[in-house]
Amino acid sequence: MSLTLYNALSDNLRHVFGGPVRKVPFSLGLTCPNRDGTKGTGGCVFCSHDELLPHWRVRGEGVRRQVTRGITATGGHCGTRYIAYLQDHTGTWCEPSVLADACREALAVDGVVGLSIGTRPDCITGAMWRVLEDLAATTHLWLELGLQTSDDRTLERLNRNHTAQVFADAAQEAARRGVAVVAHVMLGLPGEGAVEAEATAAFLAGTGVAGVKLHNTLVIRGTRLYDLWAAGGYAPPRREEYCDAAVRFLERTPAGTVIHRLAAEAPPELLAAPDWARAKHAVAAAVARELAVRGTRQGARAVFAGMNSPAAQGAPHLHDPHREATP
Ligand code: SF4
C-alpha cells in the first residue's frame, strides 16, 4: 500500500523552498461586499465576522509591524521562511494600489518569501488583476478564492451571492495571468453529502485550480447557520461521514493539486458543533488514514489532469500520512 496518498501543502512548500515555510496572517481591516450591501447583505450563513482575524492585530497597525509580530509569535526560528497571508474578509475589496502597497510592505519583512490573498471570485477588477499578475510574476503567490460548493442551489441557500460559473471565470482569468488559485471548499453543508463533494471536486478539476483548502462545515455561534442548527434545521455530518466525503473528494482531485488543508478550525468558545471538529489535527489524520484503509489516493478517480496554474507545478510529491502535519 502506498504511503504517499495526497499532495500536502507542507511537502509542496518544502519542495519549492527547500525548507520549512509557515504562514503569517495580516489584515488591512477590509470589509465584505456580501455584508455591506454591494453584493448582498447579512453575509454567508456560516460566516462569523471577526473571530478569524489575526489575534495579534492591533487596530491601525501597519502591515510590516503585523507580519513582524506574527513571525515572532510563531517562534521566529532562524532559517524559517514565511508566507504573508492577507486574511481579511475580502482581501481585494480595496483600491488596487492599497493592496499593492500592503503586499510590498509584507514582502519587505525579513524571511517573507511569498503571499497568500483570500477573496471572493466576484471581487477582482481589471486593475486588481494587473496587481495580482505583477505579484505572481515576482513572488510566490496564492490567490485563495471562496467557492465552498459547485452547487448553485446550495450557494443560494448559503447566501453567497455568486454562482459556480463566476468562480470558474475567475479561475480561468487567473490561469491566463499566471496567478495560482487555491479554492476554498466546505463539505457537509446544509443539504449536501458525499455526492455533492464528488461533484465539487470534478468541477474544480475542470477549472485547473492549483490548490484546494478543504473544510468540514462548522457551526459557529452568532451565525445564521447556528440559528438553523439550534432550531433543528441542520445537523453537521458525523466524523466518519466527513472522512468519507473528503476521501471521495480527494479521489476526484488531480494528483498535482496541492491540498492546503483537510480540516477546519475555530476558537473553541465559538464552536457550537460538531464536537469532533475540536481536534483539527485528528480529523486531518483520520482522512489520511481513511485513504490508506481504502487503498486509494488523491487523483485515483480524477478525470482531468488539472494544474493550469504555475504554483502547483513544483509539486510532484504526494503526502505520507505517517508524517501528518496539515497546515
Ligand atoms: S464568507 Fe467571505 S464573502 Fe461570505 S460573508 Fe464571510 S467574509 Fe463575506
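Author: Helices and strands are named here as DSSP runs, a helix having at least four residues and a strand at least two, and they are numbered from the N terminus. The model is predicted.

Reader: How many helices and strands does the protein have?
Author: The protein has 327 residues, and buried residues make up 50% of them. Of its contacts with a separation of 6 or more, 87% join residues 24 or more positions apart. The secondary structure comes to ten helices and nine strands.

Reader: Which residues does Pro190 contact, leaving aside its neighbours within four places in sequence?
Author: Pro190 is 45 residues apart in sequence from Ala235, with 7.8 Å between their C-alpha atoms. Its contacts, leaving aside neighbours within four places in sequence, are Arg157, Leu228 and Tyr234.

Reader: Which residues surround the ligand?
Author: By class, the shell around the ligand has three nonpolar, five polar and two charged residues. The residues that surround the ligand are Cys32, Asn34, Arg35, Gly43, Cys44, Cys47, His89, Thr90, Arg120 and Gly146.

Reader: At roughly what angle do the axes of helix α9 and helix α10 cross?
Author: Helix α9 covers residues 239–251 and helix α10 residues 280–294. The crossing of α9 with α10 is right-handed. Their axes come within 9 Å, and they cross at roughly 60°.

Reader: Which residues make that contact, and how many of them are nonpolar?
Author: Helix α9 contributes Arg239, Cys243, Ala246, Val247 and Leu250. Helix α10 contributes Val283, Ala286, Val287, Glu290, Leu291 and Arg294. By class, the contact of α9 with α10 has three charged residues, no polar ones and eight nonpolar ones.

Reader: Which members of the largest nonpolar core touch the most other members?
Author: In soluble globular proteins, nonpolar side chains tend to be buried together. The largest nonpolar core here has 91 residues. One of its members, Val287, is in contact with Cys243, Ala246, Val247 and Leu262, leaving aside neighbours within four places in sequence. The members that touch the most others are Ala84, Leu143, Val181, Ala246 and Val287.

Reader: Against which elements do the buried residues of α2 pack?
Author: Helix α2 spans residues 63–73, and its buried residues are Val63, Gln66, Val67, Thr68, Gly70 and Ile71. Just after α2, Gly75 has a positive phi of about 110°. The buried residues of α2 pack against β1 (21–26), β2 (81–86), α3 (96–107) and β3 (112–119).

Reader: Which residues does Glu105 contact, leaving aside its neighbours within four places in sequence?
Author: Glu105 lies in helix α3 and is partly exposed, with 18 other C-beta atoms within 10 Å. Its C-alpha atom is separated by 9.2 Å from that of Val67, 38 residues apart along the chain. The contacts of Glu105, leaving aside neighbours within four places in sequence, are Gly62, Val63 and Arg64.

Reader: Which residues does Val166 touch, not counting residues up to four places away in sequence?
Author: Val166 sits in helix α6 (residues 164–176). Because 18 other C-beta atoms lie within 10 Å of Val166, it is partly exposed. The C-alpha atoms of Val166 and Pro121 are separated by 6.5 Å, though the two are 45 residues apart along the chain. The residues touched by Val166 are Pro121 and Asp122, not counting residues up to four places away in sequence.

Reader: Is Gln148 buried or exposed?
Author: Most residues other than glycine have a negative phi. Gln148 is not a glycine, yet has a positive phi of about 80°. It lies in strand β4 (residues 140–148). With 23 other C-beta atoms within 10 Å, Gln148 is buried.

Reader: What is the phi of Asn161?
Author: Asn161 is in the loop between α5 (152–157) and α6. Because 19 other C-beta atoms lie within 10 Å of Asn161, it is partly exposed. Asn161 is not a glycine, and its phi is positive, at about 65°.

Reader: What is the omega of the peptide bond from Ala273 to Pro274?
Author: Pro274 is in the loop between β9 (271–273) and α10. Most peptide bonds are trans. The bond from Ala273 to Pro274 is cis, with omega near -5°.

How values were computed. Residues numbered from 1 in each chain as written. Predicted model: local features only at pLDDT ≥ 70, side-chain atom pairs only at ≥ 80, totals over all residues. Near = placed C-beta within 6 Å. Nonpolar A, V, L, I, M, F, W, Y, C, P; charged D, E, K, R; others polar. Axes fitted to C-alpha atoms, helices over the stretch in contact; angles between N-to-C directions. Left-handed = near helix turned anticlockwise from the far one by under 90°. Contact = placed C-beta atoms within 7 Å. Buried ≥ 20, exposed ≤ 12 C-beta atoms within 10 Å, placed from the backbone. Core = buried A, V, L, I, M, F, W, Y, C linked by C-beta atoms within 7 Å.
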